Amino acid sequence: MSRKDLATDLAELEQALQGTSGRQYWRSLDELAGTAAFQKLMRREFPQQADVWPDSLSRRHFLTLMGASLALAGLSGCSVKPAPMGKIVPYVQPPREIVAGEPLFFATAQPLPGGAVGLLVESHMGRPTKIEGNPDHPASGGATSIYHQASILTLYDPDRSQTVTYQGRTRAWTEALATLRTGLEKERDNGGAAVRILSEPILSPSLARQRERLLKSLPKAKWHVYEPLLQDARLEAMRLAFGQNLDCHYAFNKADVVLSLDADFLGSEPGNLRWIADFMSRRRIRTPASDSTQASMNRLYCIETEVTCTGAKADHRLAVRVQDIEGLARAIASKLGVSTAGSSGSAGPHEKWVAAVAKDLEAHRGRVLVLAGNRQPVAVHLLAHAINQHLGNVGQTVFYSRPVTEGPSPRIESLRELADDMRQDRVRLLIVLDANPVYSAPADIKFMDALERVPLRVHLGLYQDETARRCHWHLNEAHFLETWGDARAFDGTATLMQPLIEPLYRGRSAIELVAFLATLQETPGEELVRSRWRDHWNQQTRGPKTDDAFDAFWKTSLHDGVVAGTGFPIRNVALENDWQRHLEPQASASGASSRPGDESFELAFAPDPTVFDGSFANNGWLQECPKPSTTLTWDNAALMSPDTARQLGVELGEYAHGGEHGGFKMPVVELKVEDRSVLAPAWIVPGHADHSITVHFGYGRESAGRVGGQRDQKVGFNAYAMRTSSQPWFVPNVRVTKTDRTHLLACTQQHNLMENRDLVRSASLEKFRQKPDFASEPEKQKEIDETRRAPAPLEFYPPLEPPASTPKWGMVIDLTTCVGCKACVVACQAENNIPVVGKQQVAAGREMHWIRVDRYVGGTAEAPAEFHFQPVPCMHCERAPCEYVCPVEATVHSAEGLNDMVYNRCVGTRFCSNNCSYKVRRFNFFHYADFETGSLRLQYNPDVTVRSRGVMEKCSYCVQRIRHAQIDADREERPIADGEVVTACQAACPAGAIAFGDLSNSASEAAKWRSSPLNYALLEELGTRPRTTYLAAVRNPNPELEGG
Amino acid sequence: MSPAASIKTAEVRQSETSGELRYVPVGHTFASVTEKIAELVLGRATRQAWFVVLAAGTVLLLMFSAVIVYLLAKGTGIWGINVPVGWCFAITSFVWWIGIGHAGTLISAILVLLHQKWRTSINRIAEAMTIFAVMCAGTFPLLHLGRPWFFFWLLPYPNTMKLWPQFRSALVWDVFAVSTYFSVSLMFWYMGMIPDFATLRDRAVQRRWQVVYGMLAMGWRNSARHWHRYQMAYLLLAGLATPLVISVHSVVSSDFAISLEPGWHETVFPPYFVAGALLSGFAMVIALAIPMRHYYGIEDFISVSHLEVMAKILLATSFFTSYGYFSEQFITWISGETYDKYVYLNILIGFRQYAAVTWITLCCVFIAPQLLWIKRFRRNEKVLFVVSVLVLAGMWMERYLLITTSLSRDFLPSSWGIFQPTVWDILTYVGSLGLFIVTFLLFCRFLPMISMCEMRGLLPGARGHEEGR
Amino acid sequence: MKPESNTKPFGLMAEFETVDALFAATRRARLAGYRQMDAYTPYAVEGLAEELGERKTRIPMVVLIGGLVGAGAGFLMQYWSMAVDYPFNAGGRPLNSWPAYVPIAFEMMILVASFSAFLSMLFLNDLPRPHHPLFNVPQFARASQDRFFLCIEATDPLFDAERTLDFLSASESHIGVVEVPIELETAPKEAEASEQQPVTVMS
């Protein structure tokens, strides 16, 4: 579609608007929505094919087309002449707080399954551009995950649904609400018996409040809850163990020994940001001296199937099939003297391991923590509770509280019940809030067929997703950054959400919609939230209940991003006496047969590390973010161990342009269970459990958008299709057959081994104590071996030292604490306007991330002993190899030791990239940056240049932030304080694994880290003198298991 | 008598005659030499074959320009390059063409100093080849830039940015070396042609050719006093061009040698590159001379004896080059450098395509020339032609290996990657051949392809009085 | 029209078949005391210039100077721009990283030296000179092909139309002697006269 056609269509529309004035203008829009021209245009907004060069840039070309779709958000956008009516108010007296060029930060929270995380949103002149964590928020502590970082892109995603539609045709909110009103009024007399609401678990107190109001007005109506990441087993175990629904809280900072039974608490589990921080607070090793942190370095045992961040950081990791973990759990429990009715489990070949673990747990009574993962059957959860109680951890490291979610507990029954009702035509009006069951419901529920029988179906959501397409009405929801709302963190602490920007597409929030359903009249979101918290405040406050006092409370709550004292109190609970009864094998929710020596293949499900349950599928940043353990992008795959791959005859296929730094055409395997089957490209993961195949949810979307997949161009395959409500997380005895089809998988690092180079240096705590300088030892050794490597002879030229006065910026990265979560990668992408290049370009080895997380396995690829994550930003070498080869002075060294890129001087010889020993430089082989798409333009960080074609770019140590701090410091005539400059990656890191600061100031954090004996520079022997250095990884293995 | 017959007799005679005389065209007088060579230009005897080849070349040339347009429109991304491998076909072709460009000046300069009479038959051709090869080479460094329209930022000129080129970068050295080499070679070539232009001017019948060649001759009138200074200047130019030839490819090699990359960071590169350059250069001269001497019936000027002596040089330079390989491998092996060792292992038994290319290269560059030990083959045009074409191909692959293997397997395994050419890579290279073919054919048609004045100087009787004494 | 044009020609020129004859004639003319003369040969004949009384040329000196200037300028350009005009830190190298400046200085030396060789040659030969009286003589076209000429110019003090003509005509194994007119285009009256010319005296 050429811009010209678009222009004419817009002209046509404007004509229709001529002669209207004042508020009619908006009404006329609603009328206009029906006109042919508008319909034509709206359809044209989403061309199925576009005229693009035949070189894999088509997706980006689509993105450029989207500029127009934004212009339609309230047609004002497309009128080139001044608005035809009304008064335009000049910006004479700006709001007091806004200073041009100075960003403002507002506190809000992003609700995610399991609990909201408090955020501070950076807003430039009224448009949110970057998200940071809220240090005061219990779930964040200042850190963020990739989802929070990427949510800013979702806000501006041009694919977001921008209008209300009725059967695909654009309508106005007024019409939609009118329809709902009549629909509800019809139902009112019989108490709304035929009305159903389906939502995700409710984290918002205000939404809960509106729900109550609705159910009051329609007593017979039913409210159902569904979330794709089913936790029935956990909930059931809670009921059986304690007779009530509870949430479990862990104090990792108090735990000396942690046993994770398939619980990825450093990765995908809710609350992981906080848990990473707590867990790593016990691993901040700096000196060999036996100081407090030293003495109490914790130890992590992990039993898991695929390689998760948790398993990678574990001191001892056992990779077994999901279904075999129950057996091991029972074995450990019985060793500890916890009665395990039914089978006492069998450790099989892992007898020694189990014994050692049990011993270690026993030894640390009360300072132990045992967790069971979501995927595990009830029995394992019960055992975890039992062991914790048995070892007296409850009240020490484990706590229980009422669940954060309100309303019905999110069990699969809830969805099945709804489906049955619909099938039996008991439902006449269904309202889906934000959920997408058509895509994610288990196969056996056949939700879609049931849905078709409901006469009036309404969907509220951010996207025209699969469910929306099958509902009569789709109402465009407002993004959480656009609306008023509130949400509870995993520990119950509530956060007030405030809108950072006017709704781009005039969407409504769920709270507002439910309020309308309850009262049949529109109430602004702010009012709803305020009233909810006014009541809360009225109960809480002792003092006079004046409006001013409440306003004060309201303001502080908004400002702090947390409502003081809303965290849930700890509940003292004890196991029911008859809990063992439920340990009988048949009680375990899964039909898993875990006979030892059983060699059948198992299919295990897991949420995707980047697109999660699929709700983030249309987010380019997340699609392109390499998944921690596989480095795959833009796809999910059937993950399997090298052994399993050999059995199936799967091996690396023909390589794509980039080779190991690009992608391979991988053989496609067919996974078959009963009548269900999917075709999935195979990917070999060293360290994956044998005879188990992991597939990730979140792909194979049919209408996610142009990034996440559409009917005609799907991305990945849909793992939900293989899932049943009876076996929600793993299916034993799956039939796997290799087909002769192949599929291109784009990865950023296929080479797992270090090839005997000291890239990641690590040692056990013991070795560190004996040999404090083990990290720097290799250099010393090399200098002895090969004198030419010694620093002195390397100096061909006399050194050119920068003036001492200026700060010497440097970064230190702690490999002990890095969990490889990739938050830094996405944070950097958001901060530095890094483009998304698309699968084909990644496959060609051209992804643009300024910081990457290298991952290596210790030992062999067949039997990996260790897993390492190594974030690699620009090293800012003092003897930078890139600088002296640049013919045009486009990359030079600043007095502060920064390796500066001068984009507008770069002619793109790529010599610097070739000569960079760390290969951290990124080149704009094509015109990657998106200058056209209006909405995406809004997201760009105004402090960072958007790079054009043919230009080299790389990590700048967030120089814009340094300058910002510099200016503030100069204004106040003081030196920059330590910790004043925080790079984007450092700010996002939940593990606090990155320190940045002035190395010339020995008091600075970075300087302190650097003085640790663990400090070493990557490829030091090349004499590049990197400013970015690493702290060698220290592990705390159990001596009994060492070498075993 | 028929040319064929004359060749026969000529060759018989030459094989008998010994010493310098074997390179002197037999049975020629001042007049006949002049006649024969000048008529190739002034005579209107352009045959079909010439047009056919020209057409083919033009097609390639047009394709080349089409590729360039697309490249400028889209960006270097249309090539297969990526982040570990930032350079490949473009730079490979650049180095290859520059190498070919070396034989010309070497033959004309060094052989002048060495008083090698046989050069006279081929120096003009070789020099022309140099000019055009360097032209082809020059296009690639421009095209491979991310923003080619700013290429002039590599030149030192006063500008509003108040910036100069970064003279520590080998790429800037390239700019100076290559442009110097081009202008000096051009001057050398032109200067050599001035007396011949005078001849053409004086023989031309049509006014327009008189004017054109008259201009080019600059009023040269063969004055003995002029000849005196001319000889001196020519000698000096030769003396200057000789170190220039050596320096140019040494500078080109430092694009790699000054880097840190394993496999690039080598002190052996400069001589090794020069040797390779001479090898490919001579191969190209032979590959051009063989068809030409038949097509233009100048077998008596470019005799088999000429081919033979060039074959010998080919053999020698192939040894220099191969020595480069082996010393590289050996030194790496003995140094025990982790990274270098891995790269060279990778070259020999390497990942996917590389090893294969390596062995093909060795066959082309080292094994094939070994045939030339045998006199029969040295004097056999067909063998000679095949060998030199193989050598040319081999040298291209050698540059390709040298550039890719190091980049794709350097220090951090995490960022190891592979280069795989796209169709655009190949078209860009093939297109440059078109540029060469077209320019060279035009040279054959409009300029004297053998130096008449020098040829006369070789004829018996040219210095009769001295023999007289 | 210049009346003296036909009375005072550019010079007299003898044509020879072989280089030996030319040598002989040249030596003879020198011994006779002629200085303002020049020989024309289709290729560079060693020793002939000496016979004509040419001394060593100044070209080598020019080239040497050119080379030194080139090298010096080349290095100074780099030093000045890198260390004086716009100093900056590139990879921790010192501002005057002289080894890195050598290649360009070298190339500049060659470049300037070569050009001075070529240009000084042209200058000293005072070329380009598209027109010259010699070209008025039809036979002279063969000087660039297969004939040898010796021309005694009118500017020579000993020059005298008749005596010099006789002198040249006396030189052995010459093909002919012609007068080289300064102007070819003259009035028809002289045109006829000029048609008699060149007077050729067979020996």
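Accessible areas here come from the Shrake-Rupley method with a 1.4 Å probe, and for residues only the protein chains shown count as cover. On that basis, chain A exposes about 36,300 Å², with carbon and sulfur atoms supplying 53% of it. This is a predicted model, so to speak for its limits: local features need pLDDT of at least 70, side-chain atom pairs count only at pLDDT 80 or more, and totals for chains, interfaces and linings use all residues. Residues are numbered from 1 along each chain as its sequence is written, chains are lettered from A and ligands numbered from 1 in the order in which they are written, and side-chain values use heavy atoms, with hydrogens and water left out.

Of the 1044 residues in chain A, 65% are buried (under 20% relative accessible area, 1.4 Å probe, protein chains only). Chain A holds 34 helices and 40 strands, taken as DSSP runs (H or I, at least four residues, for helices; E, at least two, for strands). Among its contacts (heavy atoms within 4.5 Å) between residues at least 6 apart in sequence, 74% join residues at least 24 apart.

Now for chain C against chain A. Here 12 residues of chain C touch 12 residues of chain A. The buried area (accessible area lost on putting two parts together, 1.4 Å probe, summed over both) comes to about 1,100 Å², and carbon and sulfur atoms give 65% of it.

Notes:
Buried means under 20% relative accessible area, exposed over 50%, partly exposed in between (1.4 Å probe, protein chains only).
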